[in-house]
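Here are a few friendly notes to read beside the structure. Please have the viewer open as you go.

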Amino acid sequence: MKKRKCFALAVTAALLVSVAGTLPVQAGSSQSIIDESSYATEINGAIWNNMDEDVLTKDGSLIFPAESTEATKLITKTVVESNHLCETVVKAEADITLTALPEAEIFAMALGLGSTRANIGDEGNIELRFEHKGTVKLSIVEIGEDEAEQVLLDNVSCGSVGKKVSVSARIKSDNTILVHLDGKEILESKLTSDGEGRVGFIQTGNCGAVVNNIVISTYTYSQPENCDMEEDFEKGYFNANYFQSELLSTAVDGTERAYIAIEEYEGNNVLMFRNVGNGYFSTKKMYSNFEMTFDVPYIQRTDVMNEDGTVAIPTSDCFAVVVGAEKCDTLDTGNSSEMIVFYSDTVWLYFQDERFPTTNFEFRAPDETRAFSVKVSLVDSVLTVSMKWENETEWVVLGTTTLEMADGYVQIVDPSVGALNFAIDNFKIVNKDLEPNLVEVEYKSAKLNVPADWNYEPITLNYEDVKADTDDGFNWYWLIPIVAAGCVISVVAAVMITGRKKRKAGDGHDA
Amino acid sequence: MKKNVIAIILAGVMAISCLTGCGGKGDKAENSTTNIEIAYWNGGLGREWLDTLVEAFEEKHPEYSVTVNATASASAIATAFGIPDGDTTDLYLYIQSEQTKYMEPLDDVLEATIEGESKSIGEKFQQSYLDSQVSSDGHYYMLTYGGGIIGPVYNEALFAKAGIEELPRTTKELAYVCDVLLENDIVPWCHFAPQGYWTWVNDVFFAQYCGYDYYTNNFYAAVDENGNSPSKELLTNKSDGRYATLKALEEIVTADYVLPASNTYDHATMQTKFMQGECAMMLNGSWFETEMSSQGSADGFKMMRMPVISSIVDNMTSISKESELTKLVAAIDSVTDGEKTIEDYKQGEDYVVDGMTVTAADWEYVDLARNSMANNFSSETAFIPSYSNCKEGAKEFLKFLYSDEGYQKYLDVLGTTMPLNMSDKEADYSSLSSFGKSVFDISNTTKQFITMEAVNRHVVYKETNARSFGTVNVIPAFTTRNTGERKTAEEFWNAYVADIEKNWDEWLQNIK
């Protein structure tokens, strides 16, 4: 699948290309293109359903053999969905050369297909039908309920079998269909349906065709449910329905206790990352288009030493912003997300391996004292990273790039095991979707309710309930009566032996 | 006085001697020739089945007693194995091990016929399972006591909601089922990081395509068609079925089809999501029900037979199309399920299915493919140290486990199967849940148990990174949400071949 960038003069922003599917939805506004790359060497089974595996590829063309059956068809797996925020729902173009077209048979490029096994005449289809009626004729038919056919255009001459024709069909979000044949518009009409569904090449059987230069463009706009959030941490606790944070591991260095917690810093409450090895602060809603800002009032720029020469608080390691995270309950740097790592001299998009220099923003310089702020925005796959020093009003854009990202959570993380010692404040995230799908989120304090104290109670061990766990079967509780019996026996025996000896002694024998 | 003291002491000794013998059953003197010491890795099956069998065995064999030392730590269970002076274990219930030089052959266990039964234990075991267990010296040293079959487990309610009335018979039908599920807003699949149980199932598709004989005697014996062994050309052979498997996976496991975060969450989390109805299917094993019992009942979940890889028609002479293949599989299923007999389809040397003539060879090829299942019986394996001083006792215990009586008790407690049939009767599995019954039905009709971990596979697969599909996980490559990282089957294969070309010489050095 070839990716192309194209920029529209819409209110929103540039439209950029990505592979679309029904799940997961690509963030922001996106155009997906299915073209020759999906069948150039082999038919890509993730994109096309080649039902009987009898559609072949050769020299960059799709070959429908003359011995085709009704099952000889090629239909996209992608389901086109209409969205009023996108002017075009789908556009399908192809060059078609019919090599065999018996009378009474139909070969069609079709849109709005309801299944990967759709047939000619199925309800919901919008078919550009090629039929042999003396010469090859093109008709455009919409199939409605109960398979009732509405002919939108009838019998446009396309020449003879063997002649290549170029067809293009575009369905707009207002249900208008525009069809071009060899570059000339032949139809503009209203459909009764919205054109949602699959695109494909289907037939009634026995039709041979060579199809190439396929371009199928679909347009989507993702609007996940979320909310605009602001958090200044002044309550002492954040909203646990908005955010989640967790210390996953302590830093290798640093004797100070490690934590991620709200505490006072220079008169304000901040979220402090102290000696964090791995950890995160994450939104609990997914975002498509967004703008996020936060202040960094504190970052440890030199080691703080203990009296004994060990390091209490190491110089802070880099921090990172993760976008498109699949999970909010852990540090998610899986291969679906992007991690924007803030070093002192560069900002590094880790997976895309792209860097923006941070000239004039060497925020970890040992002699630097200023606080600073970070802004990350992602709108229609355009990522922009900006920074500013405290008390400045203008953001400085460090870099802009294309970032094709599915909707995901946004996180601030420590990406490495080096100690992160910094604090954030005034975290803000704003939904930048067209027609944001905002929801109300109840407040739930992130405060942990710790019981006053553990209620110690003496344990009662009921010996009768204790079963021997070993197979040797020896029951130790027998020991007491056995020893007692042994003692009694030994005393009795001793008395008897002693008594007998006394009697013998009395009889004149030695003891 | 002195004599009085002596008398008291003697009496005390006499009393203390009463302490011995006051306790439970049997003579449990350490390492005795009549005490069978079992080291059991409690990896998920629990204790109940073993305790049940031990109790029944001791009753049947009063000449023996059994001591069970169980631990959930796989690394702890066999630390003494191979150290005759330090190891008192007589029977390990553990995982497959390469240390057969310390193991007692179990041939006589397989040759034994239990009193009252007409088949030997070896005859009761599935032959394809035994084929995977025979060592290069021709002996059997390990036999399973657990694990299970692995296949697609599906949520009946979600299938019904999507209107899916017939289970998929081929991989193309499986892809279609995924489409139908999506159309009904149901996520088709989930798996756990990195690729769930697909590693096991991928080899089934491979074996379906190439045939069991090639799979076992060529690929995993590392012998190519010219007799060269080990053969790099064997591993890089694109037409043996592994590329066809990748193409099938490309269709049935796409980014659209899998639950987000499948590539990152652990198996407990994803299995819980599956049980909670977040998706319709998940590859899982016989143990699914037992393993997830704390999360709820497996009622409403069933395992389906492995769909046949659609491109198997490449190797057929009488059928060439998907529509023909599905008809043939349906016919085979009707015989497997007892709805029809094979004679209903036979016509001379061939078979006729819905007007379509199928050669006997094609029927058999697809029959074996359809009735193949992945298994990991090797992950729960019994073996006896050759230096055990209670070998015969340990063997008797194994014989009891594999007897009809013992196996029925095993089934009753665990609800899961071994690759074992009863001697003269059907096992009573009426007490199993619907999930357990589906697993039992499939296991009972499985003709080929497919495993990547055959004891006798070539050393290149044991001691190097040579694998049927390489060391890079296929499923994350196909399903990553990061479109820049996503691979096609062709890209994955090319990378796999490049890896072999790069490492082959080093692997050869490592196994010399």
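This is a predicted model: local features need pLDDT of at least 70, side-chain atom pairs count only at pLDDT 80 or more; totals for chains, interfaces and linings use all residues.

1. Residues are numbered from 1 along each chain as its sequence is written, chains are lettered from A and ligands numbered from 1 in written order, and side-chain values use heavy atoms, without hydrogens and water.

2. You will find 4 cavities of 30 Å³ or more. A cavity here is a set of points on a 1 Å grid over the protein atoms alone where a 1.4 Å probe fits but cannot get out, and lining residues have an atom within 4 Å of a point.

3. The largest cavity has a volume of about 80 Å³. Its lining includes B:Ser128, B:Asp131, B:Tyr212 and B:Phe449. In chain B, helix H6 (127–133), helix H10 (212–219) and strand E14 (448–450) each supply at least two lining residues.

4. The second largest cavity holds about 60 Å³. Of its 11 lining residues, A:Glu326, B:Val258, B:Leu259, B:Pro260 and B:Ala261 lie nearest its centre.

5. Now look at helices H15 (322–336) and H16 (360–370) of chain B: they pack at about 70 degrees, with axes 10 Å apart. H15(B) is therefore roughly perpendicular to H16(B) (the term covers 65 to 115 degrees). Residues in contact (heavy atoms within 4.5 Å) include B:Leu325 and B:Ile332 in H15(B), and B:Trp363 and B:Arg370 in H16(B).

Key. On a 1 Å grid over the protein atoms alone, a cavity is a set of points where a 1.4 Å probe fits but cannot get out, and a pocket is an open set with protein on both sides within 12 Å along at least five of seven lines; lining residues have an atom within 4 Å of a point. Grid points are joined across faces, edges and corners, and a volume is the space filled by probe spheres set on the points. Helices (H or I, at least four residues) and strands (E, at least two) are DSSP runs, numbered from the N terminus. Axes are lines fitted to C-alpha atoms, for helices over the stretch in contact, and angles run from 0 to 180 degrees between N-to-C directions. Angles under 35 degrees count as roughly parallel, over 145 as roughly antiparallel, 65 to 115 as roughly perpendicular and the rest as oblique.
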